[in-house]
Amino acid sequence: MSATRKIMAQNVPSNRVISTFPEAYDPLTTIYKKSNFHPKVKAACSENRTGTVGLKICKAVLVGDVAVGKTSLVNRFCHDVFDRDYKATIGVDFEVEKFSILSTPFTLQIWDTAGQERFKSIASSYYRGAHVVIVVFDISDESSISSISRWMTDATASSDHPVKFIVGTKKDLVSKAACQAVEERVKEIALSLGAEYWSVSSKTGENVQKFSFRCVSLTFDAAVLREIESNGQVSQKQIGTIKMERERTDMYETRKGKMKVTCCKT
Ligand SMILES: Nc1nc2c(ncn2[C@@H]2O[C@H](COP(=O)(O)OP(=O)(O)OP(=O)(O)O)[C@@H](O)[C@H]2O)c(=O)[nH]1
């Protein structure tokens, strides 16, 4: 590993280090059959001496009906907290998480969009260029299942082959049997939409880190592979960089009490 990459990787906390490829929630039904990083990605990460692969930044977008648990999922993963009180997202919220994957620095921008219809046009303006789209629904709320396809279609329309997930939240609120019944149904929907399915609970934390690591690893693998295949080799300066075509510095005051800077549309 080059000295630069070693220093960058050291800045990442140990719970953001990924060295083995995480398993799918259900390896038998996932659309993403891979169980390891692509050999070219592994080679790029181990052979690249310039550290340029480590500049990779990807964009994740979470969508789904009102109050299904999008913000709670982000908060559990990013801050390991859970708030039982509901505070609607106004427009979009934004988080940045840094990882070390195969000893390579990787940054994920996480865009948590509002489920309320009145924010649809603001929220949808942030879908563009997503590397990963996560459609969230509430396992305990039947009606949120029927919106999954629409959210997936809308959120992926302006991105180039994003990695796709469907995540059922609030697993803690339903019995095992009820959860399995929902899973069977939604796994079918996931396959038809080319997405991978997960059930999680942001309240207990069940599966949140496993899902997040799987999401980050698939996104990293796809993004680095795409760069390698489009550039022909990995030791180019532009590898791993994403051009910021447009920068926005709009500020939204959220009811969650934070000022969110919404910027960097890729
Ligand atoms: N029991 C339980 N409650 C949850 C879980 N996830 C979220 N909630 C609760 O569900 C409510 C809505 O959660 P949010 O994360 O704010 O939902 P959201 O999808 O971001 O909502 P919008 O911003 O309006 O789109 C809150 O009261 C949360 O505490 C979970 O895994 N288990």
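## The covered helix α3

The buried residues of α3 pack against a whole set of elements: β2 (57-64), β3 (92-101), β4 (104-113), β5 (132-138), β6 (163-169) and α7 (208-231). Some terms before going on. Helices (H or I, at least four residues) and strands (E, at least two) are DSSP runs, numbered from the N terminus. A residue is called buried if 20 or more other C-beta atoms lie within 10 Å of its own, exposed if 12 or fewer, and partly exposed in between, with C-beta atoms placed from the backbone. Two residues are in contact if those C-beta atoms, again placed from the backbone, lie within 7 Å.

What you're looking at is a predicted model, where local features need pLDDT of at least 70 and side-chain atom pairs count only at pLDDT 80 or more, while totals for chains, interfaces and linings use all residues. Residue numbers start from 1 along each chain, following the sequence as written.

Back to α3, which covers residues 70-79 and has eight of its 10 residues buried. The buried ones are Lys70, Thr71, Ser72, Leu73, Val74, Asn75, Arg76 and Phe77. Just past the end of α3 sits aspartate 80, with a positive phi of about 55°.

## The chain as a whole

Zoom out, and the protein chain has seven helices and nine strands. Of its 266 residues, 43% count as buried. Take the contacts between residues at least 6 apart in sequence: 74% of them join residues at least 24 apart.

Lysine 33 and glutamate 196 are 163 residues apart in sequence, but their C-alpha atoms are 9.8 Å apart. Lysine 33 belongs to the loop between β1 and α2, and it counts as exposed because it has 8 C-beta neighbours inside 10 Å.

## The sheet

How are the strands arranged? Seven of them form an open sheet in the order β1-β3-β4-β2-β5-β6-β7, with mixed pairing. Two strands are said to pair if DSSP finds at least two bridges between them. In general, strands of a sheet pair through backbone hydrogen bonds, either parallel or antiparallel. At the edges are β1 (17-18) and β7 (196-199), each pairing on one side only.

β1 and β3 run parallel and share two bridges, and isoleucine 18 stands opposite isoleucine 101 in β3. Next, β3 and β4 run antiparallel, joined by 10 bridges. The hairpin of β3 and β4 has two residues between the strands, and leucine 102 in it takes a positive phi near 50°.

Which way does β4 pair with β2? The two are parallel, over six bridges, and cysteine 58 has leucine 108 of β4 as its bridge partner. β4 is mostly covered, with nine of its 10 residues buried.

Helix α7 lies across β1, β2, β3, β4, β5, β6 and β7, running at about 175° to β6. Axes here are lines fitted to C-alpha atoms, for helices over the stretch in contact, and angles run from 0 to 180 degrees between N-to-C directions.

Helix α2 (residues 39-47) meets α7 too: their axes come within 9 Å and cross at roughly 80°. That makes the two helices roughly perpendicular (65 to 115 degrees; under 35 is roughly parallel, over 145 roughly antiparallel, and the rest oblique). Lys40, Val41 and Ala44 of α2 make the contact with Asp221, Val224, Leu225 and Ile228 of α7. By class, that's five nonpolar, no polar and two charged residues. For the classes, Ala, Val, Leu, Ile, Met, Phe, Trp, Tyr, Cys and Pro count as nonpolar, Asp, Glu, Lys and Arg as charged, and the others, Gly among them, as polar.

## Around the ligand

There are 24 residues around the ligand, and Gly69, Thr71, Ser72, Thr89 and Gly115 come nearest. A residue is near the molecule if its C-beta atom, placed from the backbone, lies within 6 Å of it.

Which element gives the most to this shell? It's α3, with three residues. Sorted by class, the shell has seven nonpolar, 10 polar and seven charged residues.
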